[in-house]
Amino acid sequence: MIQEQSGFRRCRRTADNLFFLTQKIAESFNRGKRALCIFFDICKAFDRVWHNGLIYKLVKVGVPDYLVNWIQNFLTKRKFCVNVNGEVSDFREIEAGVPQGSVLSPLLFSIFINDIPIRNKSNHAQSTLFADDLATAFFFNKVGAVKSEIAKYLTEIEKWLTKWKMNMAAHKCNYIIFARNKKNNPKFDLKLFGESITQVNSTKFLGMTLDSHLNFSANVEEIKNKCVNRLNIIKILSNRKWSLKKDSS
């Protein structure tokens, strides 16, 4: 398993990816650089695992033949139908996806996505992966060089998605330019399959809201609002008109 993957691994969690990414961005600030981070969204990733492609990858990584055959039997001959207002369609065989609820499914998915294009170049570009949540950051002070590097990376992503029959919608992806200040921030025209990737000032990644200054103000504000909303509920319920007693559970 690639070291950038933290999903479904012992002693690894979402916080590891968050700490790693924010630390690398903070380090780029200290070096007088900016960071452009792309947050990718694979559409229905678990449901689109191509069975034949997965079997190929299992063989390629050296899984014994008897286990490959067992997994192939485990995945194949599963069927589905559609019921709409009592009208049931014919049964069709499922050719993609790993079974929901199976303890084996996360491992199979991890093997399938293990060769997705990543970057691991210290002080230049870094990727983090949690299951199908991929974020790749490029650190730069010269715009020309990083634009060509990002374009090359997006082309690699497109080729991988096409080859392994996965789908990634550009309008569900976004990117942030992390910088000390917003003055003279360069313009980027990032595209995936010809569709523009939206630039945002903040985004939610693995449960945390990251903002372009990396001061976590947006995340703190979100937590504060949640606390205020819950406090308001407590205030309403504690009103004397409700006639609640202290020993009420």
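## Reading contacts and burial in this model

Guide: Let's start with Lys224, which counts as partly exposed at 44% relative accessibility. By the cut-offs, buried means under 20% relative accessible area, exposed over 50%, and partly exposed in between, with a 1.4 Å probe and protein chains only. This is a predicted model, in which local features need pLDDT of at least 70 and side-chain atom pairs count only at pLDDT 80 or more, while totals for chains, interfaces and linings use all residues. Residues are numbered from 1 along each chain as its sequence is written, and side-chain values use heavy atoms, with hydrogens and water left out.

Visitor: Which residue meets the side chain of Lys224 in a salt bridge?

Guide: A salt bridge is a side-chain nitrogen of Lys or Arg within 4 Å of a carboxyl oxygen of Asp or Glu. For Lys224 the partner is Glu221, at 3.3 Å from N to O. Both lie in helix H6 (residues 217-237), 3 residues apart, about one turn of the helix. Helices (H or I, at least four residues) and strands (E, at least two) are DSSP runs, numbered from the N terminus. Glu221 is partly exposed too, at 37% relative accessible area.

Visitor: How many salt bridges does a search of the whole structure find?

Guide: The search gives 9. One of them joins Lys24 and Glu27, with 3.7 Å between N and O. These two are 3 residues apart in helix H1 (residues 14-30), so about one helical turn separates them. Lys24 is buried at 18%, whereas Glu27 is partly exposed at 21%.

Visitor: Which distant parts of the chain does the pair of Glu156 and Arg119 link?

Guide: Their closest N and O atoms are 3.0 Å apart, giving a salt bridge. Glu156 sits in helix H5 and Arg119 in the loop between H4 and E6, 37 residues away. Arg119 is buried at 7%, while Glu156 is partly exposed at 27%. Both belong to a network of salt bridges that also takes in Lys121 and Glu149.

Visitor: On to the sheet. What is the order of its strands?

Guide: Two strands pair if DSSP finds at least two bridges between them. Here an open sheet of 6 strands runs E6-E7-E8-E1-E9-E12, with mixed pairing. E6 (120-121) and E12 (198-199) stand at the edges with a single partner strand each, so one side of each has no neighbour in the sheet. E6 and E7 are antiparallel and joined by 2 bridges, with Asn120 opposite Gln126 in E7.

Visitor: Is strand E8 mostly covered or uncovered?

Guide: E8 (residues 133-140) is mostly covered, with 7 of its 8 residues buried. E8 pairs in the antiparallel sense with E1 (residues 34-41) over 8 bridges, and Phe40 has Leu134 in E8 as its bridge partner. E7 (residues 125-130) is also antiparallel to E8, through 6 bridges, and Thr128 stands opposite Ala135. The hairpin of E7 and E8 has 2 residues between the strands, and Ala131 there takes a positive phi near 60°.

Visitor: And how should I read the aromatic side chains?

Guide: A pair of aromatic rings is described by the distance of the centres and the angle of the planes. Rings of Phe, Tyr and Trp (its six-membered ring) pair if their centres lie within 6.5 Å; planes under 30 degrees apart count as stacked, over 60 as edge-to-face and the rest as tilted. The count is 11 aromatic pairs. In one of them, Phe112 and Trp160 have ring centres 6.4 Å apart and planes at 65°, so the pair is edge-to-face. Phe112 is in helix H4 (residues 105-113) and Trp160 in helix H5 (residues 143-163), so the pair ties together parts 48 residues apart in sequence. Phe112 is buried at 0%, and Trp160 is buried at 6%. Phe140 and Phe188 are edge-to-face as well, at 5.7 Å centre to centre and 75° between the planes.

Visitor: Last one: how many disulfides does the count come to?

Guide: A disulfide is a pair of cysteine sulfur atoms within 2.5 Å, and the count here is 0. Cys37 has its closest cysteine sulfur 12 Å away, in Cys173, which is too far for a bond. Cys37 is buried at 0%, whereas Cys81 is partly exposed at 33%.
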